[in-house]
Each structure stands twice: as structure tokens, then as C-alpha cells.
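Here is a short tour of one protein chain for you to follow on screen. Please keep the sequence and the 3D view side by side as you read.

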Amino acid sequence: ESVVNRIAAGEVIQRPVSAVKELVENSLDAHSTSINVIVKDGGLKLIQVSDDGHGISYEDLPILCERHTTSKLSTFEDLQSIKSMGFRGEALASMTYVGHVTVTTITKGQLHGYRVSYRDGAMEHEPKACAAVKGTQIMVENLFYNMIARRKTLQNSADDYSKIVDLLSRFAIHHMHVGFSCRKHGAARADVHAVATSSRADAIRSVYGMSVARSLIKVETSDNDPSSSVFKMDGFISDSNYVAKKITMVLFINDRLVECTPLKRAIEIVYAATLPKASKPFIYMSVILPPEQVDVNVHPTKRELCRIKVSLLNQEVIIDKIQSVVESKL
Ligand code: ADP
Ligand code: MG
């Protein structure tokens, strides 16, 4: 049973970055305004995510890491949106089967918090009272300690760390009202340092730098367009001043960080045809669609690292429309 659980957990949490993604999404779900990540050895030694969200109540601590236990199902109106959010109530449990998880949390109005460690889907001991500031801190230590083959394939810690930095950069510009930081354990300087802001352009500048920020063009679909009943899109794209060797496409569909290769290709084609320099663009786009229009591929082995592949049921209409919006702005 424990081997089966471990194998299943290893599918949900494929790499350190998948653990970071799940932890940060939980922090966002808890309405945090500040999320800070510390990583040691590419995440294999330590991943620590601290937030200032609503915390976890004492009663919930014993079942927190049981599989398929979630406090969130009531917030999803229909099965489709449950499906599009991927696994429910599996992330934390999975981490306890392939790593050592310690949770420190305090809820509103409490004088002290609690700390508890988990292994294999259960608490290792009763929650201990402890001092705590607002919110939750989750530490995952020794990830894949019991999966020797997996650890071997993850020897390049710089590679895993850069995937984590990339993930948090993307989150930081989409969730601009939330402050994000990410640093290596013991490092004075953060590699992602995004303060909360109400300006998307500011968020992009603080994460991706001046050369991107200087060249941003706002794009959006208009409300009186007939296709706006099918979808809405808004975002920023780079202009001809921006020079890069490869495309950066930060795409959120229905607030989920996803990858959509056909859309990415379609935008590259517009740039290649419109701008004389064969420069690759920076694209940030947030697309809102009725949930039944999105097919999110959440099969664990196909969950490409941290980003989920998506296909759009109305793909041609949507891509055509986005292409024409981009073209009209270049
Ligand atoms: P899910 O997010 O699908 O519910 P998880 O395994 O990711 O499942 O988390 C299990 C539960 O733990 C969540 O439903 C939530 O109640 C609680 N939780 C996890 N992380 C946090 C956090 N940072 N702040 C508040 N609650 C959290
Ligand atoms: Mg979760």
C-alpha cells in the first residue's frame, strides 16, 4: 500500500517545481497578499513557502494530508470546473509520501499557532502549539528521498531552481495584487522580487526588467465584439524594440497557468510576418472562457513539469481572433 501511494504521489509531484506550484496555489486560494519561497538544492533539500493567508484551523490539521481531502469543493459550481482545476485534495498528501512535510499555521484571532509534521499521509505527532505570525508556512524537506531513481534524474539543481524562478515570475505578473519573492536558502538577494501593485506593466517590469517593460503594448478584446460572449482576452505584448532569441509566452486561461502550443505558434507567425527584425516576442495574456470551452489535460504523466497543457474547443475561432487583435497592435 505504501509503495502504491508513493508511486501515485510521484506522478502528481513530478519535480520540485510541481510541489512549488501546488503550494503557491494553496497560498493564493487562502487569499494571501504576500508569498515567499525559499529553495535549497533545487528544491530537493528544502522547499519552503510562507504566506499571510487565512491559515489552517486546528481541527483540519489531522486530515490535511489525507488523500482526496479538500476544503474547497463547495467553491466549484460544477464538475467541469472541478476537472479544470486538476487534482483536488491530492497535492499535500502526495508530498507527504515522497518528502517530509512540516506545516506551521495560525488562524485569525488565535493567540498562538500550531506546528505539525506529516509522513505517508498522516500526522507524525499531535500538533504542537508554537509562536506564529499571520498565515501558513509549509516546508517540504528531502523531496524524493525514497525515490532513488527520481533523485538521480534531478541532479541538476540549477535547472530545477530556474524552473521554480520561472514559475514564480509568471505567477507574480498574473497575480499582481500579491507580493512574491523567491530566493535560494541563505541568499541575501531574491531572484524573484515582486511587490504587490495594481499596475500590470509595473509587475512585468519588476519581474522581467526594463527592456520588456519599455516595449509593452496593451492588447484586449472589446466588449462589444460578438466573440466576447465566447471569450475575453487581455494582456501585454512586446513591440519591435524588444529583442529576444526565444518567445516568452505567459498564458493564463481562466486563471490557470497553462500552455497552448497552437496559440503560441499563431502569435509567432504574426510577429514574423509583421516585424522586419525576426525578433521573438514577450507575451502576457489572460484569457477567460466558459469552462466547458477548455479542455485541460491533467493526466499526471502528461502534466508537463508545472504547466498544464490546454486545448480550446473553439480553437480556430479563438486563435483567429487573438491573432487579429495582436496584428492590429503591431
Ligand atoms: P486542494 O488545494 O486541492 O484542496 P491540497 O492537498 O493542495 O488540496 O490542500 C489540502 C487542503 O489544505 C486545502 O484544501 C486547504 O484547506 C489546506 N491548505 C493547504 N495549504 C494551505 C495554505 N497555505 N493556507 C490555508 N490552507 C491551506
Ligand atoms: Mg491545492
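What follows looks at a nonpolar core and then at one strand with its partners.

Please keep in mind that this is a predicted model.

**The core**

The largest nonpolar core has 80 residues, and the members that touch the most others are Val-20, Ile-164, Leu-168, Ala-172, Phe-180 and Ile-204. Helix α6, spanning residues 157–174, gives the most to this core, with eight residues. As general background, nonpolar side chains in soluble globular proteins tend to be buried together.

Beyond its neighbours within four places in sequence, Val-20 is in contact with Val-37, Gly-43, Ile-47, Val-49, Ile-164 and Leu-167.

Now turn to strand β3 (residues 100–106), which is mostly covered, with five of its seven residues buried. The table sets out how β3 pairs.

| Partner of β3 | Sense | Bridges |
|---|---|---|
| β7 (residues 135–141) | antiparallel | seven bridges |
| β4 (residues 113–119) | antiparallel | five bridges |

On the β7 side, Val-103 has Ile-138 as its bridge partner; in β4, Tyr-118 is the bridge partner of Val-101. β3 and β4 also form a hairpin, with six residues between the two strands. In the turn of this hairpin, Gly-109 has a positive phi of about 80°.

Terms used: Residues numbered from 1 in each chain as written. Chains lettered and ligands numbered in written order. Predicted model: local features only at pLDDT ≥ 70, side-chain atom pairs only at ≥ 80, totals over all residues. Core = buried A, V, L, I, M, F, W, Y, C linked by C-beta atoms within 7 Å. Buried ≥ 20, exposed ≤ 12 C-beta atoms within 10 Å, placed from the backbone. Helix = DSSP H or I, 4+ residues; strand = E, 2+ residues; numbered from the N terminus. Contact = placed C-beta atoms within 7 Å. Pairing = 2+ DSSP bridges.
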